[in-house]
Protein chains: 2
Amino acid sequence: MCSAHSDLTAQAKIRDAAIAHFARDGFQKTNLRAVAATAGVSAGLVIHHFGSKEKLRSVCDDHVLGVLVRRSHEAGTADLLREFMSNPEEYHLHVRYMVRAIEEDTPAAGRLVDTLVAESESILRAGMAEGSIRPYSDVRALAVLTVLTSLATLTMAPPLTRALGFDGFGPEVLRRLALPTLELYTHGLYADDAPLKAARAALEASQEKRDE
Amino acid sequence: MCSAHSDLTAQAKIRDAAIAHFARDGFQKTNLRAVAATAGVSAGLVIHHFGSKEKLRSVCDDHVLGVLVRRSHEAGTADLLREFMSNPEEYHLHVRYMVRAIEEDTPAAGRLVDTLVAESESILRAGMAEGSIRPYSDVRALAVLTVLTSLATLTMAPPLTRALGFDGFGPEVLRRLALPTLELYTHGLYADDAPLKAARAALEASQEKRDE
DNA sequence: CAAAGGATTGAACACACGTTTAGCCTCCTA
DNA sequence: TAGGAGGCTAAACGTGTGTTCAATCCTTTG
């Protein structure tokens, strides 16, 4: 697709440049002159069109996260990983942008997370009703947990990817993690349920202590 | 313990103030004058003692992450979570600092992550040899996975904690997530191994495609 | 006690960067 | 064709902030 300057309006060029910069460097480190440069315009024009750096951010947020919310509605949260794995260069930018937005706790990011958790929860409930997923008492917490790990996998801080021998995040990293993840989701990690029982007992004990 | 000014040397006061600010606001957003103010000294003195903001950061990194590495050697990686759960106010600062450092991919953070992964891997191997942990083929990847989820749980972006009904990260959040996590680690998520088999087949297929 | 060396400070400097402003060019329109 | 509106630019402004500097205070030591 149109990778850069072409038939895009100046506003759109600025917005796309800003998205790229925000995703790569974060909001703080990005300066408007750099954004203007990649967009091929002057710094003043950015302000002229968007009013301020902060307003520019919120426009970018709505644009990127709106796309992601729409996509997750179509495909389901869990498939976000799969989709990303199949053609990473297309989604890499958006995923990085999303991670940054979540880290900085932006309003649009909050809406996206709510969507992902809700989506995930309904999928889990459906799977439990159908019998393909084991029953859990606290489905909400489980949903949060799965979204959390999915996002964490996509985030994958550089030191962790390095611990696997890769020096940058990419589909190879995901491929390396895919099988252990599935094994964990299928058989668990512990050989018996002693740790679980111990944890249950410990939680009940601390619960009683809090009640008295 | 000594919570602030007292018998500490000025250098230590500055360092502790910097750690607090870096943890709360991140490296970029904290300015030296604020650090100097909470340390009760002038801005110039910070430079006088540490040379530059960047050098100050590396000193703080070594201090905090050195403590964490030492503690993980004593207690084991997995217990970091438990320790944090028991007295959060003491570790909260250090954990937040660590997360920030990992996000910004600082050298000391890399060393910490390496330690955590190695520690985790040896624990997993020991558990497998002993029979308390199920055998996995790719133990290294499994270790990375467990560290990743542990860190992600400690990070717990605000939108995710809000999805659980809490409006700030704390021990209650961890308590809520503890049981589902243990259940996941004990029984897995899927009721049968169909998804695992499907993933294995898909990975092999894409592997062959890459080989030809 | 006097000299010295480090700790400490307040003011000044330098630079980066968001934003403002005045003006230019272009295109639409009456 | 004249006028105006808006896209667009270059330069300037102001501020926040890392850093430097000269001066002062304190402590130690010969």
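View 1. Among the 15 residues around DNA strand D, the nearest are A:Ala10, A:Ser42, A:Gly44, B:Asn31 and B:Ser52; a residue is near a strand or molecule if its C-beta atom, placed from the backbone, lies within 6 Å of it. The model is predicted, and local features need pLDDT of at least 70, side-chain atom pairs count only at pLDDT 80 or more, and totals for chains, interfaces and linings use all residues. Residues are numbered from 1 along each chain as its sequence is written, while chains are lettered from A and ligands numbered from 1 in the order in which they are written. At least two residues of the surface near DNA strand D come from each of helix 3 (43–50) of chain A, helix 2 (32–39) of chain B and helix 3 (43–50) of chain B. Helices (H or I, at least four residues) and strands (E, at least two) are DSSP runs, numbered from the N terminus. Helix 3 of chain A gives the most to this surface, with four residues. The surface near DNA strand D has seven nonpolar, six polar and two charged residues. Ala, Val, Leu, Ile, Met, Phe, Trp, Tyr, Cys and Pro count as nonpolar, Asp, Glu, Lys and Arg as charged, and the others, Gly among them, as polar.

**View 2. Surroundings of DNA strand C.** DNA strand C is surrounded by 15 residues, and A:Asn31, A:Ser52, B:Ala10, B:Ser42 and B:Gly44 are the closest. Two or more residues of this surface are given by helix 2 (32–39) of chain A, helix 3 of chain A and helix 3 of chain B. The most come from helix 3 of chain B, with four residues. By class, seven residues of the surface near DNA strand C are nonpolar, six polar and two charged.

**View 3. Chain A where it touches chain B.** In this interface, 55 residues of chain A are in contact with 55 residues of chain B; two residues are in contact if their C-beta atoms, placed from the backbone, lie within 7 Å. On the side of chain A that touches chain B, two or more residues are given by each of helix 1 (10–29), helix 6 (88–103), helix 7 (107–130), helix 8 (139–155), helix 9 (158–163), helix 10 (171–187) and helix 11 (194–211) of chain A. Helix 10 of chain A gives the most, with 13 residues. This side of chain A divides into 33 nonpolar, 10 polar and 12 charged residues.

**View 4. Helix 7 against helix 8 in chain A.** These two helices of chain A pack at an angle of about 120°, with their axes 8 Å apart. Axes are lines fitted to C-alpha atoms, for helices over the stretch in contact, and angles run from 0 to 180 degrees between N-to-C directions. Helix 7 of chain A is therefore oblique to helix 8 of chain A; angles under 35 degrees count as roughly parallel, over 145 as roughly antiparallel, 65 to 115 as roughly perpendicular and the rest as oblique. The crossing of helix 7 and helix 8 of chain A is right-handed (left-handed if the near helix is turned anticlockwise from the far one by less than a right angle, right-handed if clockwise). Helix 7 of chain A makes the contact through A:Leu116, A:Val117, A:Ser120, A:Glu121, A:Leu124 and A:Arg125, and helix 8 of chain A through A:Val139, A:Arg140, A:Leu142, A:Ala143, A:Val144, A:Thr146 and A:Val147. The residues of this contact are eight nonpolar, two polar and three charged.

**View 5. Helix 6 against helix 7 in chain B.** The axes of helix 6 (residues 88–103) and helix 7 (residues 107–130) of chain B come within 8 Å and cross at roughly 105°. The two helices of chain B are therefore roughly perpendicular to each other. Helix 6 of chain B contributes B:Met98, B:Ala101 and B:Ile102 to the contact, and helix 7 of chain B contributes B:Ala108, B:Ala109, B:Leu112 and B:Val113. By class, this contact has seven nonpolar, no polar and no charged residues.

**View 6. Helix 1 against helix 2 in chain A.** Here the axes of helix 1 and helix 2 of chain A come within 8 Å, crossing at roughly 125°. Helix 1 of chain A is therefore oblique to helix 2 of chain A, and the crossing is right-handed.
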